[in-house]
Each structure stands twice: as C-alpha cells, then as structure tokens.
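Please read it with the sequence and the model to hand.

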Amino acid sequence: MLPARHRLTERADFAATIRGRGTTRRGSRLLVVHARPADAMLTDARETPSSRVGLVVSKAVGPAVTRTRVKRRLRAQAAELLPLLPAGTDVVIRANPAAATAASTELGAALRHCLRDVLVRQET
C-alpha cells in the first residue's frame, strides 16, 4: 500500500510527469514508466519533498476486475521501490494490455528495469 504522501493524485501532476520538461520515459512489453525529477520551486527549506507514484491502467488492459488486480500488483511493487527513488521524484506507471496476464514477479521485474533506466537517464 502506498502512503497518501507518496500518491500522485492531481491531473496536472500526471500531465506534467508524462509530458513535462525534464521528463524521461522507458517502456517494456508490460508497462511504461515516466519520471520527473523534483522541482526546485516545490522544495521548502524545512521540508523534504516526498517521491510520488501514480498509476494509469486503461480499459485496454481489460475489464474492471482485471484493471483493479493490475493496479493492486503495481502498487505493491512500487511501494517496495519507494526508498530507491530520489526525494521529490514523480513517477507515473502506465500498464500496457499485456500486464493483464503477467504475474506479480514479472510486473515487478519490468518495473525495476524501467525505473532503473529512467533514473540513470535523469542523472546524465
């Protein structure tokens, strides 16, 4: 489960993370990961910004039961990876239709691989 402070909920934040400046993207057969580094304007001198994660699981993935299962699995995998994210990083995980039939371990491996590539690209 993702704590509330680590959830990306606003539409504008999703749009900025997917299409904004400085955003990097990496995809696989199962999912696409978009990441945006922390904004300097959002950081308060006393406050450390939290990394946030948002999920996009469209109807192309399957019916509601399948989409909910995919979201639950991705949330669990993302919660484990939160400590690895740089402070203030926003991440959007978009599930592809193939994610409907993937096991949790496959989703986790794809997420770790894509996230690692995105974070390496941001550093360079």
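The numbered points below take up the basis of the model, its helices, its strands, its core and its salt bridges.

1. Basis of the note. This is a predicted model, in which local features need pLDDT of at least 70 and side-chain atom pairs count only at pLDDT 80 or more, while totals for chains, interfaces and linings use all residues. Residues are numbered from 1 along each chain as its sequence is written, and side-chain values use heavy atoms, with hydrogens and water left out.

2. Helix H3. Helices (H or I, at least four residues) and strands (E, at least two) are DSSP runs, numbered from the N terminus. Helix H3, residues 104-123, has 20 residues and reaches 28 Å from its first C-alpha to its last, close to the 28 Å expected at 1.5 Å a residue. The expected span is 1.5 Å times one less than the number of residues.

3. Buried means under 20% relative accessible area, exposed over 50%, and partly exposed in between (1.4 Å probe, protein chains only). The buried residues of H3 are Leu-107, Gly-108, Ala-110, Leu-111, Cys-114, Leu-115, Val-118 and Leu-119. They cover an arc of only 165° around the axis, which puts them on the same side of H3; the arc is that of the directions from the helix axis to the C-beta atoms. Thr-105 and Glu-123, on the other side of H3, are exposed. The buried residues of H3 pack against strand E1 (24-27), strand E2 (31-36), helix H2 (64-81) and strand E4 (90-95).

4. Helix H2. With 18 residues, H2 reaches 26 Å from its first C-alpha to its last, close to the 26 Å expected at 1.5 Å a residue. Its buried residues are Thr-66, Arg-67, Val-70, Leu-74, Gln-77, Ala-78 and Leu-81. Seen down the axis of H2, these buried residues fall within an arc of 100°, so they line one face of the helix. Val-65 and Glu-80 are exposed on the other side of H2. The cover over the buried residues of H2 includes E2, strand E3 (52-56), E4 and H3.

5. Strand E2. Six of the six residues of E2 are buried, so this strand is largely enclosed by the rest of the structure. Leu-31, Val-33 and Ala-35 point one way from E2, whereas Val-32, His-34 and Arg-36 point the other way. In a regular strand the side chains alternate between the two faces of the sheet.

6. Strand pairing. Two strands pair if DSSP finds at least two bridges between them. E1 and E2 run antiparallel and are joined by four bridges; they form a hairpin with three residues between them. In this pairing, Arg-26 stands opposite Val-33 in E2. E2 and E4 also run antiparallel, joined by six bridges, and Leu-31 stands opposite Ala-95 in E4.

7. The nonpolar core. A nonpolar core is a set of buried Ala, Val, Leu, Ile, Met, Phe, Trp, Tyr and Cys residues joined through side-chain atoms within 4.5 Å. The largest one has 27 residues, and those with the most contacts inside it are Leu-31, Val-33, Val-53, Val-91 and Ile-93. E2, H2, E4 and H3 are the elements that give two or more residues to this core, and its largest share, seven residues, comes from H3. Contact means heavy atoms within 4.5 Å. Leaving aside neighbours within four places in sequence, the contacts of Leu-31 include Leu-74, Ile-93, Leu-107 and Leu-111.

8. Salt bridges. Asp-13 and Arg-52 meet in one of them (3.2 Å, N to O). Asp-13 lies in helix H1 (residues 11-19) and Arg-52 in strand E3, so the pair ties together parts that are 39 residues apart in sequence. Arg-52 also forms a salt bridge with Asp-90, the closest N and O atoms being 2.9 Å apart. Both Arg-52 and Asp-90 are buried. Salt bridges that share partners join Asp-13, Arg-36, Arg-52 and Asp-90 into one network.

9. A further pair. Arg-26 forms a salt bridge with Asp-117, with the closest N and O atoms 2.6 Å apart. This pair links strand E1 to helix H3, 91 residues apart.

Key:
A salt bridge is a side-chain nitrogen of Lys or Arg within 4 Å of a carboxyl oxygen of Asp or Glu.
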